[in-house]
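I open this notebook to keep track of what I look up in the structure, one topic at a time. Each entry says what I checked and what came out.

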Amino acid sequence: MKTFTITMPLRFYIPRKTVKDITVSTNLNFYRNCNQFILGDFKHMYDDLAQERLKPFKALRYQKISITYTVFVPSKRRSDIGNWCAIQDKFFADSLTKSGIIEDDDFLHVPEITFKYGGIDPDKK
């Protein structure tokens, strides 16, 4: 089995035209509380970055893949890994499908998804 590592950020900076720019976290709390316009901008930014990072793999096609998300949280504060990974998985799986690496992100093509705690983000220590 081949293993590929792709790093995606937990926070994104979204520039706004008429109001103050915002920084958003890729977690379930943000997703649940966000208005649709900011969420749409955020999803496009996430997908643009994911597509850029998936470029080396675009020639590959897989019928089945397993995905493991390892979360490096921004601080020592206790955190719910599922809150971080749920949105990462939703957006990243959509990007994998859009890039053509997998046909669909359903259970037939992605039968296993694992969330892991990786520690505190080394850049934040």
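This is a predicted model: local features need pLDDT of at least 70, side-chain atom pairs count only at pLDDT 80 or more; totals for chains, interfaces and linings use all residues.

**Entry 1**

Cys34 counts as buried, since its relative accessibility is 17%, where buried stands for under 20% relative accessible area, exposed for over 50% and partly exposed for what lies in between, with a 1.4 Å probe and protein chains only. Residues are numbered from 1 along each chain as its sequence is written, and side-chain values use heavy atoms, with hydrogens and water left out.

I then looked up Cys85, which is buried as well, because its relative accessibility is 1%. How many disulfides are there? With a disulfide taken as a pair of cysteine sulfur atoms within 2.5 Å, the count comes to zero. Cys34 is in no disulfide, and the nearest cysteine sulfur, that of Cys85, is 19 Å away. Seen from Cys85, the closest cysteine sulfur is the one in Cys34, and 19 Å is too far for a bond.

**Entry 1: the nonpolar core**

I next turned to the largest nonpolar core, which has 30 residues, and of these Val24, Phe30, Phe42, Tyr46, Phe92 and Leu96 touch the most other members. A nonpolar core here is a set of buried Ala, Val, Leu, Ile, Met, Phe, Trp, Tyr and Cys residues joined through side-chain atoms within 4.5 Å. Strand S1 (11-14), H2, S3 and H3 each supply at least two residues of this core, and its largest share, seven residues, comes from H2. Helices (H or I, at least four residues) and strands (E, at least two) are DSSP runs, numbered from the N terminus.

For Tyr46 I listed the contacts, meaning heavy atoms within 4.5 Å. Not counting residues up to four places away in sequence, Tyr46 touches Met8, Phe12, Thr26, Gln88, Phe91, Phe92 and Ser95.

Is Leu10 buried or exposed? Leu10 lies in the segment before S1 and is buried, with a relative accessible area of 15%. Leaving aside neighbours within four places in sequence, its contacts include Val24, Val71, Pro74 and Trp84. Leu10 and Pro74 are 64 residues apart along the chain, yet their C-alpha atoms are separated by 8.2 Å.

Lys43, which is in helix H2, is partly exposed at a relative accessible area of 32%. Beyond its neighbours within four places in sequence, Lys43 is in contact with Phe91 and Asp94.

Val19 sits in the loop between S1 and strand S2 (22-25) and counts as exposed, at 53% relative accessibility. Val19 and His44 are 25 residues apart in sequence and 19 Å apart in space, C-alpha to C-alpha.

**Entry 2: the pockets**

Last, I looked for open space. On a 1 Å grid over the protein atoms alone, where a 1.4 Å probe fits, a pocket is an open set of points with protein on both sides within 12 Å along at least five of seven lines, and lining residues have an atom within 4 Å of a point.

The largest pocket has a volume of about 1200 Å³, a volume being the space filled by probe spheres set on the points, which are joined across faces, edges and corners. It is lined by 37 residues, and the closest to its centre are Phe4, Thr5, Ile6, Thr68 and Tyr69. S3 gives the most to this lining, with seven residues.

The second largest pocket holds about 190 Å³ of space, and among the residues that line it are Arg11, Asn27, Val73, Pro74 and Trp84.
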